[in-house]
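The following account is intended for a reader who meets this protein for the first time. Please keep the sequence and the model in view while reading.

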Amino acid sequence: MGDNILTDCYLERQKRTKWFTDARFGMFIHWGLYSIPARGEWVRSKERMSIEDYEPFFKEFNPVNYNPREWARAARNAGMKYAVLTAKHHDGFCLFDSKLTDYKATNTPAGKDLVREYVDAFHAEGLKVGLYYSLLDWHHEDYPAYSDSHHPMRGNENFKNKKHDFSRYIEYLHGQVKELLSNYGKIDIIWFDFSYDDNRGEKWEASKLVKMVRSLQSDIIIDNRLGGNLRSRNPEIYAGDFECPEQIIPPEGVLNEDGLPLPWEACITLNNNWGYCSKDKDFKSPKQIIRAIVECVSKGGNMLLNVGPNSKGEIPEESLKVLSEVGKWMKQNSKSVYGCGKSQYAKPEWGRYTQNGKKLYAHIYDRGIGPINFKGLNGKVAKARLLSDGSEVKLLKPWNTGNYPDDLFIELGSQKLPDENDTVIELDLDL
């Protein structure tokens, strides 16, 4: 690897995202008016609902059980290190007290700035704080409707000749981002969503936007959805700091065109919707989530796991149960997640590796039959311990392994794994 490909831009990004790539696990929170119809966050677009159709939800939005401190505790107890809340989603409704619109939580029966309470609560629990801001806006009169591919009024003849001053919308967008990054103290992540069709890059006046963002919050990190090419050796100023693959974990992680690793996080839902959907009970199991976290880390990435609170402001009980079980595993095994990344060794057939310096973590999913093979590690491990309780795991060269002189073996002493979700062995490498 030549130093010439370690550009100043790359090195600055690595420094800026150090906390992020150490944290590895965060909470995404999709919440807004769409929690009342309870058919997902895209309900306006999918059902072609007009502003008038959607207005009753604005008039009745009153999350009487909203307690962001409880959300923050649930995140912390699950082992999460940061969170990202939808300050404004595509429907244009603002959870914050923006001076640039009346379409905000303070004008609903809720009657308060919900973003401020979120920021204060998550800071109080020691978590990093992020804000999501949609580049789309289906409520703003200057956001194109008829010809847009996502707008609820797309193809609606009543909007065919409606005039839009998109420059006024861009001024609004920039103004709201300025509010979010000026009025709530330190913000660690700004999560823009999303560029599409011709709406990308400088259509958002993205260079100007990012310069403003960094002038207000110099250490903030930005996702890649303004539309730039983060994988380029010399990415645009608005290309962001990390990629955010959605509902998929990249097969080989994320690299730039020079083969250098880039920060990334897979954003994943607990069921099949981002916003609250009352009929969607297809929740992923704790085992699926634990193994997905490990898969992300083993490929050099993070997981941003979504919850969709209901209209009362409550995280669904099914979500809380999964988070609680994940938290129990994290409490015992988080050393194999925080600060870890891709291992120098190939993926083993029985599970995955994560690594932090000389600490190699074996995540064993499949017990198999006989001693467990650690390919190519004979003579390279000083000791092994079960991470959950620190108990010794003996390093063996059993009588029947003579044909595999380069391999190390361990024996757990049982046909059943100690943890069926993921049994983690901590190996001290002797390199």
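The paragraphs below move from the protein as a whole to its aromatic pairs, and then to individual residues.

The model is a predicted one. Its secondary structure consists of 10 helices and 14 strands. The protein has a radius of gyration of 24 Å, close to the 22 Å given by the globule rule for 431 residues, and it is therefore as compact as a globular protein of that length. Along the principal axes, the C-alpha atoms fill a box of roughly 80 × 50 × 40 Å.

Several totals describe how the chain is packed. Of the 431 residues, 56% count as buried. Where contacts join residues at least 6 apart in sequence, 70% of them join residues at least 24 apart. The accessible surface amounts to about 18600 Å², and carbon and sulfur atoms account for 46% of it.

The aromatic residues come next. A pair of aromatic rings is described by the distance of the centres and the angle of the planes. The count for this protein comes to 29 aromatic pairs. One of them is formed by Trp 42 and Trp 138, an edge-to-face pair with 5.3 Å from centre to centre and 70° between the planes. This pair links distant parts of the chain, for its two members are 96 residues apart. Trp 42 belongs to the loop between strand E1 (25-29) and helix H3 (43-46), whereas Trp 138 belongs to the loop between strand E3 (128-134) and helix H7 (166-182).

Is Trp 138 buried or exposed? Its relative accessibility is 2%, under the 20% limit, so Trp 138 counts as buried. Leaving out residues up to four places away in sequence, Trp 138 touches Trp 42, Arg 44, Ser 45, Ile 51, His 90, Asp 91, His 150, His 151 and Pro 152. With regard to His 151, the separation from Trp 138 is 13 residues in sequence and 6.1 Å in space, from C-alpha to C-alpha.

A second aromatic pair, between Tyr 118 and Phe 122, is tilted, with 4.8 Å from centre to centre and 50° between the planes. Both residues lie in helix H6 (residues 114-124), where they are four residues apart, about one turn of the helix. Tyr 118 is buried at 0% relative accessibility, and Phe 122 is likewise buried, with a relative accessible area of 0%. Elsewhere, ring pairs link Trp 31, Phe 58, Phe 61, Tyr 66, Trp 71, Phe 93 and Tyr 103 into a cluster.

Two further residues illustrate contacts between separate parts of the sequence. Thr 7 is placed in the segment before helix H1 (8-16). The relative accessible area of Thr 7 is 13%, so this residue counts as buried. Apart from residues up to four places away in sequence, Thr 7 touches Arg 233 and Asn 234.

Ser 98 occupies the loop between strand E2 (82-88) and H6. Its relative accessibility is 0%, and Ser 98 is therefore buried. Which residues does Ser 98 contact, leaving aside its neighbours within four places in sequence? They are Lys 104, Gln 176 and Glu 179.

The peptide bond from Asp 193 to Phe 194 is cis, with omega near -10°. Phe 194 is located in the loop between strand E4 (189-193) and helix H8 (206-216).

Arg 24 has a phi of about 70° and is located in the loop between helix H2 (18-23) and E1. At 6% relative accessibility, under the 20% limit, Arg 24 counts as buried. Arg 48 has a positive phi near 50° and lies in the loop between H3 and helix H4 (51-60). What is the relative accessibility of Arg 48? The value is 43%, so Arg 48 counts as partly exposed, a class that runs from the 20% limit for buried residues to the 50% limit for exposed ones.

Technical notes. Residues numbered from 1 in each chain as written. Predicted model: local features only at pLDDT ≥ 70, side-chain atom pairs only at ≥ 80, totals over all residues. Heavy atoms only, no water. Rg over C-alpha atoms; globule rule 2.2 N^0.38 Å. Buried < 20%, exposed > 50% of the residue type's maximum accessible area, 1.4 Å probe, protein only. Contact = heavy atoms within 4.5 Å. Areas by Shrake-Rupley, 256 points an atom, 1.4 Å probe, with all protein chains shown as cover. Phe/Tyr/Trp six-rings, centres within 6.5 Å; stacked < 30°, edge-to-face > 60°.
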